[in-house]
Amino acid sequence: MEKGKDRKNWLGRLINFFELPPDVLLDRPRLVMSGNEKLVIENHRGLLEYTNETVRVRTAGGEIFITGEDLNLVSIEQEEVWVEGRISRVELPKWRG
């Protein structure tokens, strides 16, 4: 078995055994969307672009690309980004593993 697959299987067993949230251990963002008006992105790595029509957020796996109208950054903290407005599209990177 490949070394990467061994690590993935080991992490999966560890996550299940301790009932841990996989998004945190696998360094993946967590997105919570309320209708098309509010989006919270947790576990981000910074803001790449912000206009009232576009928001790009960096994550460990790539960029999250948000488009819409009247987009506002309500809050940007070390752990989460809050976007509000009329969100029309959220594009996610292709996750590895």
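Predicted model: local features only at pLDDT ≥ 70, side-chain atom pairs only at ≥ 80, totals over all residues.

Reader: Which strands does a hairpin of three residues join?
Author: That hairpin leads from β3 to β4. The pairing of β3 with strand β4, residues 54–59, is antiparallel and runs over three bridges. Within it, glutamate 49 has arginine 56 of β4 as its bridge partner.

Reader: And how many residues lie between β4 and β5?
Author: Two residues lie between them, and the two strands form a hairpin. β5 covers residues 62–76 and pairs with β4 in the antiparallel sense over six bridges. Here valine 57 stands opposite isoleucine 64, which belongs to β5.

Reader: Stepping back, what is the order of the elements from the N terminus?
Author: The order is α-α-β-β-β-β-β-β, giving two helices and six strands.

Reader: Which residues make up the largest nonpolar core?
Author: There are ten of them: Leu39, Ile41, Val55, Val57, Ile64, Ile66, Leu71, Val81, Val83 and Ile87. At least two residues of this core come from each of β2 (38–42), β4, β5 and β6 (80–91). As a general point, nonpolar side chains in soluble globular proteins tend to be buried together.

Reader: What does isoleucine 64 touch, leaving aside neighbours within four places in sequence?
Author: Its contacts include Ile41, Val55 and Val57. Pro29, Leu31 and Val90 are also among them.

Reader: New topic: which residues form a nonpolar patch on the surface?
Author: Leu47, Tyr50 and Ile76 do, and together they have about 250 Å² of accessible area. Leucine 47 lies in strand β3, which spans residues 47–50.

Reader: Why is leucine 47 called partly exposed?
Author: Its relative accessible area is 32%. Buried means under 20% and exposed means over 50%, so a value in between is called partly exposed.

Reader: How much of the protein is buried, then?
Author: Of the 97 residues, 26% are buried.

Reader: One last thing: what share of the contacts with a separation of 6 or more is between residues 24 or more positions apart?
Author: Such residues account for 41% of those contacts.

Note on methods
Residues numbered from 1 in each chain as written. Heavy atoms only, no water. Patch = residues over 30% accessible without salt bridge, like charges linked within 9 Å, V, L, I, M, F, W, Y side chains within 5 Å. Areas by Shrake-Rupley, 256 points an atom, 1.4 Å probe, with all protein chains shown as cover. Salt bridge = Lys/Arg side-chain N within 4 Å of Asp/Glu carboxyl O. Helix = DSSP H or I, 4+ residues; strand = E, 2+ residues; numbered from the N terminus. Buried < 20%, exposed > 50% of the residue type's maximum accessible area, 1.4 Å probe, protein only. Pairing = 2+ DSSP bridges. Contact = heavy atoms within 4.5 Å. Core = buried A, V, L, I, M, F, W, Y, C linked by side-chain atoms within 4.5 Å.
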